Number of protein chains: 4
Amino acid sequence: MANLVYRRQLTVEWGHCDPAGIVFNSRFFEFFDWSSWLLFETALGVRPADLGTTYGILGIPLVDASARFLKPAKFNDVVDITSEVSEFRRSSFEIKHRISIDGELAVEGSETRVWAAQDPNDPVKLKTKPIPVAVIERFRA
Amino acid sequence: MANLVYRRQLTVEWGHCDPAGIVFNSRFFEFFDWSSWLLFETALGVRPADLGTTYGILGIPLVDASARFLKPAKFNDVVDITSEVSEFRRSSFEIKHRISIDGELAVEGSETRVWAAQDPNDPVKLKTKPIPVAVIERFRA
Amino acid sequence: MANLVYRRQLTVEWGHCDPAGIVFNSRFFEFFDWSSWLLFETALGVRPADLGTTYGILGIPLVDASARFLKPAKFNDVVDITSEVSEFRRSSFEIKHRISIDGELAVEGSETRVWAAQDPNDPVKLKTKPIPVAVIERFRA
Amino acid sequence: MANLVYRRQLTVEWGHCDPAGIVFNSRFFEFFDWSSWLLFETALGVRPADLGTTYGILGIPLVDASARFLKPAKFNDVVDITSEVSEFRRSSFEIKHRISIDGELAVEGSETRVWAAQDPNDPVKLKTKPIPVAVIERFRA
């Protein structure tokens, strides 16, 4: 079985771009973050704002993010973003993002996130929890 | 007596600028917001993060913001920002921000904010409260 | 004849929101800016990136921006944005933006922009130009 | 000889934080980017805006960026950022960023950038160039 892939398209805005006329790097991490939330919404049928209460977690905080910039994304370019969980581990998982422009890969991104709840011994801390099997199964297409 | 004026200086970063090589408009509203917090810290001696608990409020939410752009701020420009409360009303107040570059006024900004606590009749709502006189007095230089 | 109104919808992202869980004020000015570009694209049939070369201008720079915040926009809210040119003057114009959530007005925004070309006497400066009548006519529905 | 290390300090602003009350991930990439420019200014004595003309390049574009998030940075935290070029290769280099709060490492970042000029055969493209030895030497403390 294949991974569920979430796809969306967006147009590069004036405010996304730097003086070189191309998307400033931090914006890609905004795009990745929101695509991750939407991937989860698509897989689980749960709105981002309800993810925590539905699963008894505080969220899916990011512990690692990276991007490789192969081609610039210019003002007005239409970019395609695909996102999928490439690996589930016990309490963490890897999301791969691919941004293409006119069918050519422009940016590859990766996020590592954890399934995290409040630490019962210290309420201001987070504690990772095992990801339920029923959750993992929803990410297969 | 004069108004207390908070001053800070910042250098225009690459990431602040748009393809025209000048600061993108939304960034000025970030600059204003943070200068308002720092003005309050300077006047009251209370860190932004402690403002709510110190005064029994939820915060000083923005109800109106505006900016007039007179001259562009370019990459690497050193900008001077001055901020002052120009008027206190019963439960709201006006903050004036002025951004200058090389001594010339570049942007004029204005924020209207309210002194707001939790609504005792509806905990998810805010309710404005009278601003304590002791607070107002701290904004005179 | 009525003004051409450009409408779009967006969902409030995690990265748009501040610690109060609501859209941080500067984000609304990003939303307004991009809606203005899209309004022009809709009216004129010209991509934002081609606006300058099509009309012999450098752009439509912002000289004034303001927003009135009536209700907060929360994480995951679906917001409707409508934008229209409310007034054309000789070389400047006014864009009104209205953001609604569940049919209730949440934010009112206003931008003043100018129709600007390179100053023939000083290439690093901008000079406003009269807005062509043929342009203005396209903003009637 | 040791690497030249550029240090700066900043306070976490309200607008940097997400609904969890901690710095939203994309902001760290803004911090890294600007620290890289300032590291170059410190090493070379050249303002960011003059880097291109001084060295006959278009810039030092980013080809890879990553961050590891070890501890959250909360509203009002004072963060220390140190940045250094950890490795120079023929036409690319690696910048390591470390963000600490109260002396504890909170975020580790890495950027790969290239020394890039206009491609003489295709003016809309970039071409990497060998980094001058005189430049590299300035990054030793």
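**View 1. Charged side chains of chain A.** In this predicted model, chain A carries 17 positive and 19 negative side chains. Lys and Arg count as positive, Asp and Glu as negative; His and the chain ends are not counted. The centres of the two sets lie 4 Å apart, with each charge placed at NZ of Lys, CZ of Arg, CG of Asp or CD of Glu.

**View 2. The fold of chain A.** Three helices and seven strands make up the secondary structure. Their order from the N terminus is β-α-α-β-β-β-β-β-β-α. Helices (H or I, at least four residues) and strands (E, at least two) are DSSP runs. Along the principal axes, the C-alpha atoms fill a box of roughly 50 × 35 × 25 Å.

**View 3. Inside and surface of chain A.** Of the 141 residues, 55% are buried, that is, under 20% relative accessible area (1.4 Å probe, protein chains only). Chain A exposes about 6300 Å² by the Shrake-Rupley method with a 1.4 Å probe. Carbon and sulfur atoms supply 50% of that area.

**View 4. Chains A and D.** A rotation of 180° with 0.0 Å of shift along its axis places chain D on chain A, at RMSD 0.0 Å.

**Notes.** Residues are numbered from 1 along each chain as its sequence is written, and chains are lettered from A in the order in which they are written. Side-chain values use heavy atoms, without hydrogens and water, and local features need pLDDT of at least 70.

Key: This is a predicted model: local features need pLDDT of at least 70, side-chain atom pairs count only at pLDDT 80 or more; totals for chains, interfaces and linings use all residues. Buried means under 20% relative accessible area, exposed over 50%, partly exposed in between (1.4 Å probe, protein chains only). Copies are superposed by least squares on the C-alpha atoms of residues with pLDDT of at least 70 in both.
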